[in-house]
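I opened a new notebook page for this protein. My plan was to look up a few places one by one and write down what I found.

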Amino acid sequence: MRKILILLSITVLLASVFIAGTIRIGVAFPMTGNIAAFGEMTLQGVKIAQTLYPKVLGEKIKLIVADNRSDKTEAANVVSRLIDYNHVAAIIGEIASSHSLAGGAIAERSHIPMLSPASTNPLVTQGKHYIFRACFIDPFQGHVAAIFAYKNLKAKRAVVFTDVVQDYSVGLSNFFIKDFVKMGGKVSREFYQSGDQDFSAQLTDALSKKPDVLYIPGYYPEIALMARQARQLGYTGPILAGDGAEAPQLIKIGGSAVNGVYYTSHFNASHPFTAVGKKFVAKYEAVYKTSPSALAALGFDSYLLLRDAIKRAGSADPGKIAEALRKTKNFEGATGYITIDKYGNTIKSAVVNEVKNGKFTYVTTINP
Ligand code: PHE
């Protein structure tokens with residue numbers, strides 16, 4: 001018994017010594033559930049960054065990954081757990097805007113900085129002091145989509161499909177409509193929910209309007225099914241989506257029906273904006289034997305932004321990290337040069353990609 005106790009206390013002692021030499025960063029992503037591909041891709045990018053830069057201030061960075069199961073309530077729970085139980089200094093997360101809104105409320109209240117790689121809804125950072133993002137926001141993304149639809153696709157009439165349970169989709173739909181109508185376009189609307197499988201009623205109604213483009217600012221599982229069903233109903237025109245379209249599953253589920261899907265995004269591996277971007281693509285391809293997605297690049301940038309902030313803060317104190325994050329200027333990331341403004345937001349270029357022969361192909365870059 002005594003031996004066991006002694007062994008136990010030695011183990012505890014050793015463990016605490018090791019913990020003292022690490023800086024803990026939480027990662028709150030959807031690793032299972034409807035949009036698990038988002039978590040998987042982003043984590044790959046985070047891990048590439050960690051492999052290249054495992055330390056800061058002489059200490060090891062330890063990542064603690066928490067799965068929000070693609071669920072809003074869990075998105076808040078995992079942030080609580082990372083803060084109260086794992087005592088993280090900062091959090092990388094979340095990905096879906098609705099999850100960042102739920103988790104961000106907790107991080108804000110606890111004064112723990114949270115950096116979203118990919119949440120583009122403006123409300124995610126609005127009025128908050130501890131929430132930041134590594135990506136552009138949806139008024140810009142919607143603007144880019146409207147320009148692309150009107151000028152490049154020469155569309156005059158669009159049908160917009162909104163996922164009513166995703167803040168991302170509701171916001172981006174509205175930003176697109178505002179700009180597309182301002183340019184002279186005409187819009188009608190359809191509504192659905194994450195998890196829906198049958199869109200024939202909405203599509204039949206939509207196609208009766210003889211649209212030049214279907215705009216679907218949702219997530220890949222539903223976009224893929226909608227594309228299939230639209231093609232079955234005889235629609236051969238373009239489908240336009242937002243950043244939520246990009247995942248290998250779009251092509252796996254959508255097959256040839258997703259050829260001709262255009263989407264606005266943050267990055268294309270064939271056109272990296274910076275030298276860091278080129279280095280990231282090379283390293284990623286060496287490890288994963290395939291090209292990195294936009295989310296992988298954003299995950300990579302998020303880790304580096306946080307590490308840079310800790311370095312400049314000279315401390316892993318959460319308040320000091322937040323302060324340093326807010327002063328990020330011209331940081332060279334894989335997705336561009338990143339400046340975080342006083343609202344916690346980032347201003348960056350967008351790319352438009354197209355699914356062509358089952359591949360995400362670069363079309364153009366649109367600057368702010
Ligand atoms: N922008 C999406 C949101 O806010 C998240 C996302 C970004 C998904 C990039 C895929 C790629 O919900």
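**Entry 1: a loop residue**

I started at Asn 357, which sits in the loop between β14 and β15 (359-366). Asn 357 has a positive phi of about 45°, although it is not a glycine. I also looked up its cover. Asn 357 is exposed because its relative accessible area is 72%. (Exposed means over 50% relative accessible area, buried under 20%, partly exposed in between, with a 1.4 Å probe and protein chains only.)

**Entry 2: what kind of model this is**

I noted that this is a predicted model, in which local features need pLDDT of at least 70 and side-chain atom pairs count only at pLDDT 80 or more, while totals for chains, interfaces and linings use all residues. Residues are numbered from 1 along each chain as its sequence is written, and side-chain values use heavy atoms, with hydrogens and water left out.

**Entry 3: the whole protein**

I looked up the overall make-up next. The protein has twelve helices and 15 strands. Its C-alpha atoms fill a box of roughly 80 × 45 × 40 Å along the principal axes. The radius of gyration is 21 Å, which agrees with the value near 21 Å for a compact globule of 368 residues. (This radius is taken over C-alpha atoms, and the globule rule is 2.2 Å times the number of residues to the power 0.38.) Buried residues make up 56% of the 368 residues.

I then looked at contacts, meaning heavy atoms within 4.5 Å. Of the contacts with a separation of 6 or more, 67% are between residues 24 or more positions apart.

**Entry 4: strand β11**

How many of the five residues of strand β11 are buried? Five of the five residues (261-265) are, so the strand is largely enclosed by the rest of the structure. I checked which way they point. Val 261, Tyr 263 and Ser 265 point one way, Tyr 262 and Thr 264 the other way. In a regular strand the side chains alternate between the two faces of the sheet.

Two strands pair if DSSP finds at least two bridges between them. Strand β10 (residues 239-241) pairs with β11 in the parallel sense over three bridges. Leu 240 has Tyr 262 in β11 as its bridge partner. From β10 the chain crosses through helix α9 (residues 248-254) to β11, and this β-α-β crossover is right-handed. (Right-handed means that, with the strands pointing away from the viewer, the path from the first strand over the helix to the second runs clockwise.)

β11 also pairs with strand β14 (residues 350-356), in the antiparallel sense over four bridges. There, Tyr 263 has Asn 353 in β14 as its bridge partner.

**Entry 5: Ala 257**

I stepped back to the loop between α9 and β11, where Ala 257 lies. Ala 257 counts as buried, at 9% relative accessibility. Beyond its neighbours within four places in sequence, Ala 257 is in contact with Ala 227, Arg 228 and Arg 231. The C-alpha atoms of Ala 257 and Val 355 are separated by 9.8 Å, although the two are 98 residues apart along the chain.

**Entry 6: a six-strand sheet**

I traced an open sheet of six strands in the order β2-β3-β1-β4-β5-β6, with mixed pairing. Its edge strands are β2 (55-56) and β6, and each pairs on one side only. β2 pairs with strand β3 (residues 59-67) in the antiparallel sense over two bridges. Lys 55 stands opposite Lys 60 in β3.

**Entry 7: Asn 121**

Is Asn 121 buried or exposed? At 5% relative accessibility, Asn 121 counts as buried. I found Asn 121 in the loop between β5 (114-116) and β6 (131-133). Its side chain reaches the backbone nitrogen of Leu 123 at 2.8 Å. Beyond its neighbours within four places in sequence, Asn 121 is in contact with several residues, among them Ser 97, Arg 133 and Asp 167.

**Entry 8: two backbone notes**

I logged a cis peptide bond between Gly 93 and Glu 94, with omega about -10°. Glu 94 is in the loop between β4 (90-93) and α4 (97-110). Ser 70 has a positive phi of about 60° and is not a glycine. I found Ser 70 in the loop between β3 and α3 (72-84).

Methods:
Polar contact = N/O pair within 3.5 Å; in protein donor to acceptor, adjacent residues only side chain to side chain.
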